[in-house]
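Please open the model in a viewer and keep the selection tool at hand.

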Amino acid sequence: SWTTGNVIEEQVEAIREMVGDKRAICGLSGGVDSAVAAALVQKAIGSQLTCVYVDHGLMRKGETEQVEKDFVAATGVQLKVVDAEERFLAALKGVSDPEEKRKIIGREFIRVFEQAQAEIVADEGPAVEFLVQGTLYPDVVESGGGTGTANIKSHHNVGGLPEDLEFKLIEPLRKLFKDEVRMVGQELGLPEEIVHRQPFPGPGLGIRIVGEVTKERLDLLREADAIAREELTAAGLDRDIWQCPVVLLADVRSVGVQGDGRTYGHPIVLRPVSSEDAMTADWSRLPYDVLARISTRITNEVRDVNRVVLDVTSKPPGTIEWE
Ligand code: XMP
């Protein structure tokens with residue numbers, strides 16, 4: 001019968017056998033899947049694994065610290081953090097188009113990851129032969145795989161890695177669903193905040209600023225987002241909602257009256273949604289008092305924001321993210 005204990009034991013043994021005395025790397029995104037996959041592989045091969053976390057400066061408040069401190073504390077994993085904020089902001093300068101933003105962020109991410117992994121190879125002895133990925137069963141099925149039971153396969157040029165390097169993939173979560181992954185993560189001792197993390201897009205806050213992405217705008221949005229998350233958590237609503245994107249309408253300005261007089265600032269959008277799988281979603285009917293607290297705090301505490309609006313659109317027609 002299926003238990004998290006069995007899954008862990010089985011995988012640890014299989015991974016040890018597979019890797020032998022070679023080395024592996026794993027990209028951490030801050031999300032649940034890569035965290036659990038990394039923790040599992042770390043349990044199996046310890047310091048033969050190096051994790052790479054690319055901080056693109058588009059993270060939410062506290063997120064990088066969570067990976068740097070909490071994840072490392074819980075797993076003892078060897079972590080390479082790459083501070084790439086300036087590089088990403090430079091690449092995004094002057095860009096407002098959502099698809100263009102996504103392409104730039106994806107491209108820069110691969111370049112930075114590539115560079116980091118080349119440094120790891122150069123720094124240390126034996127070659128890195130394995131790449132850990134947090135692929136889940138639904139991912140396997142969706143991409144038309146899922147025929148064999150093997151959890152390892154050779155792969156060329158994974159995620160844009162250098163073409164002359166061939167990695168073997170370790171995908172220890174390949175047979176699991178999301179709720180099972182969370183259970184495994186819990187059993188491995190990962191903190192609640194990581195195990196029960198709501199989905200967050202790879203391009204981060206870069207696609208939650210309608211308009212050009214700048215450091216100042218990111219800082220505003222980070223504040224507003226932190227307030228919304230704090231209040232939703234305090235109200236005990238984290239498990240009721242799927243996620244709640246907070247969006248800065250940087251290209252829109254609105255008139256307000258704050259403190260001593262008239263302001264001309266920006267609206268913030270709250271986009272709380274309920275969903276099973278993000279393919280469809282409904283807007284969450286959050287309690288008015290919670291919405292009121294979020295709105296009051298954001299307009300009081302976040303400079304340049306004088307209006308908070310609620311997105312009451314289902315998916316379809318509206319996607320969950322604004323960009
Ligand atoms: P949409 O906006 O398409 O989002 O309704 C569906 C779900 O996917 C997340 N999302 C992303 N996740 N990289 C990711 O890892 C991305 O580029 C990306 N874009 C959207 C979104 O947060 C929602 O959970």
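UniProt positions are quoted in the numbering used here, with feature names shortened, and such annotations may be inferred rather than shown by experiment. Residues are numbered from 1 along each chain as its sequence is written. The model is predicted: local features need pLDDT of at least 70 and side-chain atom pairs count only at pLDDT 80 or more, while totals for chains, interfaces and linings use all residues.

**First selection: the annotated site**

Select S29, G30, G31, V32, D33, S34 and A35, which an unreviewed UniProt entry lists under "binding site".

Is S29 buried, exposed or partly exposed? A residue is buried if 20 or more other C-beta atoms lie within 10 Å of its own, exposed if 12 or fewer, and partly exposed in between, with C-beta atoms placed from the backbone. S29 has 17 other C-beta atoms within 10 Å and is therefore partly exposed. V32 counts as buried because it has 23 C-beta neighbours inside 10 Å.

Now display the contacts, where two residues are in contact if their C-beta atoms, placed from the backbone, lie within 7 Å. Leaving aside residues up to four places away in sequence, S29 touches S34 and G202. With that same exclusion, V32 touches V181, R182, G185, I194, V195 and R197.

Of the 14 residues of α2, 14 are buried, so the helix is largely enclosed by the rest of the structure. Just after α2, G46 takes a positive phi of about 50°.

Two packed helices are described by the angle between their axes and the distance between the axes. Select α1 (residues 4–19) and α7 (residues 178–187), which pack at an angle of about 75° with their axes 9 Å apart. Axes are lines fitted to C-alpha atoms, for helices over the stretch in contact, and angles run from 0 to 180 degrees between N-to-C directions. Angles under 35 degrees count as roughly parallel, over 145 as roughly antiparallel, 65 to 115 as roughly perpendicular and the rest as oblique. The helices α1 and α7 are therefore roughly perpendicular to each other. On the α1 side, T4, G5, V7 and I8 meet M183, V184 and E187 of α7.

**Fourth selection: backbone exceptions**

Most residues other than glycine have a negative phi, and most peptide bonds are trans. Select A278, in the loop between β10 (273–274) and β11 (282–283); its phi is positive, near 70°. A278 is partly exposed because it has 14 C-beta neighbours inside 10 Å.

Next, select D304, in the loop between α10 (288–301) and β12. Phi of D304 is also positive, near 75°.

Finally, move to the segment after β12 (305–310), where P316 is placed. A cis peptide bond with omega of about -15° joins K315 and P316. The bond from P316 to P317 is cis, with omega near 10°.

Key. Helix = DSSP H or I, 4+ residues; strand = E, 2+ residues; numbered from the N terminus.
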